[in-house]
Amino acid sequence: MGLGIIVKDLVKVYRIDSVEVQALRGLSMEVKEGEIVSIIGPSGSGKTTLLNIVGGLSRATAGMVRVGDIEVTSLNENQLTEYRRKVVGHIFQTLNLIPTLTAAENIELPMMAMKVPRSKRIERVRELLEVVGLTGRANHKPGELSGGEQQRVALAAALANDPPVILADEPTGELDTVNSKIVVEYLLKINREMGKTIIMVTHDPVVARAGDRILRIEDGVIKAALTPAQVSMKERTLSFIDQIRMRMSDLESQLRKLEEDLRAGRISGDEYFRERQKLTQTINVYREELHRLGVVS
Ligand SMILES: Nc1ncnc2c1ncn2[C@@H]1O[C@H](COP(=O)(O)OP(=O)(O)OP(=O)(O)O)[C@@H](O)[C@H]1O
Ligand SMILES: [Mg+2]
């Protein structure tokens, strides 16, 4: 029921005015049919960019993505729309649901796009509400559900057209530990029982360990592949923090070099301010990350 995913030499460059960001720098990875793979990595390392390209929400600058025998990176707009409806279910960190519709209607919506007959839709909604354990919440609007319940409705909606692949970008990002655990358990359930191939991006090592494998992205490429048992949670968290610290100290030395360059007249004031702005922004992102991880820096 799942499909294998092959990503090869994927490059994504974002351009805003004259500023260029290389979000993916030749990233390659494979996910086997029916596998559940976790992706971890620092903020800004390219996780969402990767998921959006695999999910057909965004286009690659170069490289290839193949899902089953579909070469996603060479689909035209119409084919991409069809691909998004049939082949992948996408779950985001927040705002998966339409606030004015009930849980049942939110799950029904993707099937309306596929012109599934009403009686079939109703039956499928009932079935999916049962899969995610929310039969009693059919007529609740998102605002009348807990965060964890909302994500389970989002999961049901992602499953509506029975796609072989589920892509989840921080599906537990806004949830407490208890609700995270429940949402992850449902993801595991649909992986095990329905054989769906799943890629799950997460910051949480506990969530990541639910995967068959864990891939770590850094600066737009896969830096490490781990099995859940390979690295203990504590070690992984520590090495993650160490990585951030190393990146920060690297950026700080770049800042010092920039000042030297300015003093020595090797760069203009304009160049200095522009570069400095970029560097300090990135440093601040890492600082926030450390703060969030509870590391006093
Ligand atoms: N639409 C966009 N336009 C320009 N730059 C972007 C865009 N989306 C992402 N970027 C940049 O690309 C890089 C990778 O972003 P991405 O969102 O993929 O990171 P991430 O790993 O998902 O981070 P986080 O953990 O914070 O969600 C970042 O430097 C980001 O600023
Ligand atoms: Mg992201």
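The crossing of α3 and α5 is right-handed, a crossing being called right-handed if the near helix is turned clockwise from the far one by less than a right angle, and left-handed if anticlockwise; helices (H or I, at least four residues) and strands (E, at least two) are DSSP runs numbered from the N terminus. In this predicted model, local features need pLDDT of at least 70 and side-chain atom pairs count only at pLDDT 80 or more, whereas totals for chains, interfaces and linings use all residues. Residues are numbered from 1 along each chain as its sequence is written, while chains are lettered from A and ligands numbered from 1 in the order in which they are written.

The axes of α3 (residues 103-113) and α5 (residues 147-159) come within 7 Å and cross at roughly 25°, where axes are lines fitted to C-alpha atoms, for helices over the stretch in contact, and angles run from 0 to 180 degrees between N-to-C directions. α3 is therefore roughly parallel to α5, since angles under 35 degrees count as roughly parallel, over 145 as roughly antiparallel, 65 to 115 as roughly perpendicular and the rest as oblique. On the α3 side the contact is made by Ala-103, Asn-106, Ile-107, Leu-109 and Pro-110, and on the α5 side by Val-153, Ala-156 and Ala-157, two residues being in contact if their C-beta atoms, placed from the backbone, lie within 7 Å. These residues divide into seven nonpolar, one polar and no charged, with Ala, Val, Leu, Ile, Met, Phe, Trp, Tyr, Cys and Pro counted as nonpolar, Asp, Glu, Lys and Arg as charged, and the others, Gly among them, as polar.

α3 also packs with α4 (residues 118-131), at an angle of about 125° and with the axes 9 Å apart, which means that α3 is oblique to α4. This crossing, too, is right-handed. Ala-104, Ile-107, Glu-108 and Met-111 of α3 meet Arg-121, Arg-124, Val-125, Leu-128 and Leu-129 of α4, a contact with six nonpolar, no polar and three charged residues.

Around ligand 1 lie Tyr-14, Ile-16, Val-21, Ala-23, Gly-41, Ser-43, Gly-44, Ser-45, Gly-46, Lys-47, Thr-48 and Thr-49, a residue being near a molecule if its C-beta atom, placed from the backbone, lies within 6 Å of it. Two or more residues of this shell come from each of β1 (5-16), β2 (19-31) and α1 (47-54), and α1 gives the most, with three residues. The shell divides into four nonpolar, seven polar and one charged.
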